[in-house]
Amino acid sequence: TSSQETNTALLKTCDQLTISEEFLMAETLGLFDYMRKSFSKGFILSLSGGVDSACCAALVYAMVQRAINELGIDGFKKRLAYFKDIQDKNSIEEIMHEMLCCVYQATENSGPVTENAAESLAQAISSEYHFFNVDNVLNAYKSLVQGTMDRPLSWKTDDLALQNIQARVRAPGIWMMTNLRGGLLITTSNRSEAAVGYATMDGDTCGSICPLGGVDKTFLRRWLRDYETNVICGCEPIAALKFVNVQEPTAELRPKEQV
């Protein structure tokens, strides 16, 4: 059973854990403790349908599964007594709906593949899910800057700036939801992106906690494939991760003809 597998994993010493088990055990403990000690009411995530945000969503799901396996559902709720919205919930699915809020934030460069991946994953782990179209906000910023510079912006002359503003424009709405809910906004950046500077300041680098900041992209892709089909430390696999795992990496920040 799941609880037996969890207990078996707990009895292992660190050098006996597989790399997937070690990652899940460390991340889920860190997420749970940080949330509990900061009296935060769950997590908020800008779920793009890509590897990084999918890993973050999967880790929150694993956190809830692992905590309930080890503490029991009553013990879990007692540890989070300040989190009133979960106190009348009696299943992982009900708790997950309060524990994680995911938002897919689309622009005209977003595609149906990533949208489907995000929504399918959110449904599979029973998280709350919303769809934002941020094109109006994006176009408002572009109009402001074009008026200041007295020239139109184009992909030919302003490629990097136009990509970055798309990532940044997703931050204010998700931060507002985080403030309103009293939760933790998850930063989705990983170590590989930090090493090469492939990130947008105040875009994908914004957040309250960064669980992937010390983890490389190659490992994350491998771990997601593992978690798609295998039980890890008593945490049930998430078959919907297949919609993420089959994709070619893309930030979807440029028109397809520009890629």
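A: We start with a bridge: Leu-45 has Cys-102 of β2 as its bridge partner. This is a predicted model, where local features need pLDDT of at least 70, side-chain atom pairs count only at pLDDT 80 or more, and totals for chains, interfaces and linings use all residues. Residues are numbered from 1 along each chain as its sequence is written, and side-chain values use heavy atoms, leaving out hydrogens and water.

Q: What makes β1 and β2 a pair?
A: Strands are DSSP runs of E with at least two residues, helices are runs of H or I with at least four, and both are numbered from the N terminus. Two strands pair if DSSP finds at least two bridges between them. Strand β1 (residues 43-46) and β2 have four bridges, in the parallel sense.

Q: How many bridges join β2 to β3?
A: Six bridges join β2 to strand β3 (residues 128-133), and the two run parallel. Gln-105 has Phe-132 in β3 as its bridge partner.

Q: Why is β2 called largely enclosed by the rest of the structure?
A: Buried means under 20% relative accessible area (exposed is over 50%, partly exposed in between; 1.4 Å probe, protein chains only). Seven of the seven residues of β2 are buried, so the label holds. Both faces are covered: Leu-100, Cys-102, Tyr-104 and Ala-106 lie on one side, and Cys-101, Val-103 and Gln-105 on the other.

Q: Why is the pair of Tyr-82 and Phe-83 called stacked?
A: Rings of Phe, Tyr and Trp (its six-membered ring) pair if their centres lie within 6.5 Å; planes under 30 degrees apart count as stacked, over 60 as edge-to-face and the rest as tilted. The count by this rule comes to seven aromatic pairs. Tyr-82 and Phe-83 have ring centres 6.4 Å apart and planes at 15 degrees, so the pair is stacked. Tyr-82 and Phe-83 are both buried.

Q: Which residues do ring pairs link into a cluster?
A: The cluster holds Phe-23, Phe-219, Trp-223 and Tyr-227, linked by ring pairs.
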